[in-house]
Amino acid sequence: MNRNSENGSYTPIDEEINAVLKNEHPYIAKLIEEEGRRQEDTIQLIASENFPSDAVRIAAASPFVSKYSEGYPAERTTGNTGRYYGGCEVVDKLEEYCCDTWRRVFDTDYHVNVQPHSGSSANFAAYMSVLKAGDTILAMNLSNGGHLTHGSPVNFSGKLFNNVFYDVGSDGFIDYDDIGRKVAEYKPDLVLAGASAYSRKIDFARIKKLIDENSDGAKPVYFMVDMSHIAGLVAAGDHPSPFGVADIITTTTHKTLRGTRGGLIFCRPELAKKIDGGVFPCCQGGALQHIIAAKAVTAEECLTQEYKEYIHKVVRNADAMCREFIKMGYDVVSGGTENHMFLIDLSKTHPELSGNQVQHVLESHNIILNKNCVPNEKRSPVQTSGVRIGTPAMTTKGYGEEDFIAVAHKIDEIIRSI
């Protein structure tokens, strides 16, 4: 989708390039056009998706796509040995600029590594930087909003490490006392905050205090925050910042940051060498410099007042839509939202329906959201008892509060017809 067009309709970035694709690779060109039309014609409510600008897309398709660049810019002072290939003088400048710009976005002096290919890659590298196989990670229970890479038994995080979990209370809010108890009981090597399906603000300073108060001091306990979902809110001041509190911070760049798909790792300066080594050579080879170019454009966009106003709208839109569902009698986990998303628990109001059923029926009406587990989930992750709804993508398309309220009523009408 061409995000900058007045009517929001899909147009190719470059008609000449598009013509080449149609002539020489017609099937791929057809699929690209199909996906463009799908994105144009649907109401996109998946909380982890967004629409990047044309500038981001152009940077991702730039000549940097051709350059191999294992290693890091020689100017970095983290103990690396520079690049393993010649001809990297331009990508060195690009990568340094990208790092500097992301530090400006979050107003921090933390070290940043912009090479992770994704949020999962960033988490993997972060773990491998400071942990060894079998170490204990305390993270949010996956059924209560945690992410696959936060300890799922089918994921590398669950296969490589010993995982224990803290929960939410009966009110749907994080049980901070549970964190303190489990730090004392399990003596984790790393405590992880952050979620993929939690609609309330996270008190990072309180978690850090609980770690300090309940650790025995026999070993370091790293505090890591995965802010992938709320990074844009942190940048715009709509969520408390983990900077200055956490030791390591990871994020994606494509959710509320509204950029290309990719990952970032921030850390306290004293951990820089470990983090850089955890990315390369431990977990990745050559950096994707075309994606780093797109990440740099994303960072520049995040520094604008327009972007901050966009994030404020995302939060207002989520609150308005969430309140409307509550007015209609739906059970919203935690009773509301303070960020860009919320969860609807169908188990009490529509016990005969699964999240999976609702997702597929809504998709047939061109409304796209995702099934999601809810606290005290009784169904499998394939079926679930809830759905997750987010406002970043449609806010990018220009939706306001009244639009999201209207969509809420349309969703209710469809659910009542199932």
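Predicted model: local features only at pLDDT ≥ 70, side-chain atom pairs only at ≥ 80, totals over all residues.
Q: Buried means under 20% relative accessible area, exposed over 50%, and partly exposed in between (1.4 Å probe, protein chains only); why is Glu306 called partly exposed?
A: The relative accessible area of Glu306 is 46%. Residues are numbered from 1 along each chain as its sequence is written, and side-chain values use heavy atoms, with hydrogens and water left out.

Q: What makes the pair Glu306 and Arg258 a salt bridge?
A: A salt bridge needs a side-chain nitrogen of Lys or Arg within 4 Å of a carboxyl oxygen of Asp or Glu. Here the N to O distance is 3.5 Å, so the pair qualifies. Glu306 lies in helix α12 (residues 305-327) and Arg258 in the loop between β7 and β8, so parts 48 residues apart in sequence are tied together. Arg258 is at 5% relative accessibility, so Arg258 counts as buried. Across the whole structure, a search finds 25 salt bridges.

Q: How do you know that Asp331 and Lys348 form a salt bridge too?
A: Their closest N and O atoms are 4.0 Å apart, and the cut-off is 4 Å, so the pair is counted. Asp331 belongs to strand β9 and Lys348 to helix α13 (residues 346-349), so this pair links parts 17 residues apart in sequence. Asp331, at 21%, counts as partly exposed, while Lys348, at 66%, is exposed.

Q: What makes the link between Asp189 and Lys219 a polar contact?
A: A polar contact is a pair of N or O atoms within 3.5 Å; within protein, one must be able to donate a hydrogen and the other to accept it, and residues adjacent in sequence count only if both atoms are side-chain atoms. The two side chains meet at 3.0 Å, so they pass the distance cut-off. Asp189 is in the loop between α7 (176-186) and β5, and its relative accessible area of 13% makes it buried.

Q: Why do β10 and β13 count as a pair of strands?
A: Strands (E, at least two residues) and helices (H or I, at least four) are DSSP runs, numbered from the N terminus. Two strands pair if DSSP finds at least two bridges between them. β10 (residues 341-345) and β13 (residues 386-390) have five, in the antiparallel sense, so they pair. Met341 stands opposite Gly390 in β13. On its other pairing, β10 joins β9 (residues 331-332) over two bridges, also antiparallel.

Q: What makes β2 and β4 edge strands?
A: Seven strands form an open sheet in the order β2-β8-β7-β6-β5-β3-β4, with mixed pairing. β2 (111-113) and β4 (162-166) each have a single partner strand, so one side of each is left without a neighbour in the sheet.
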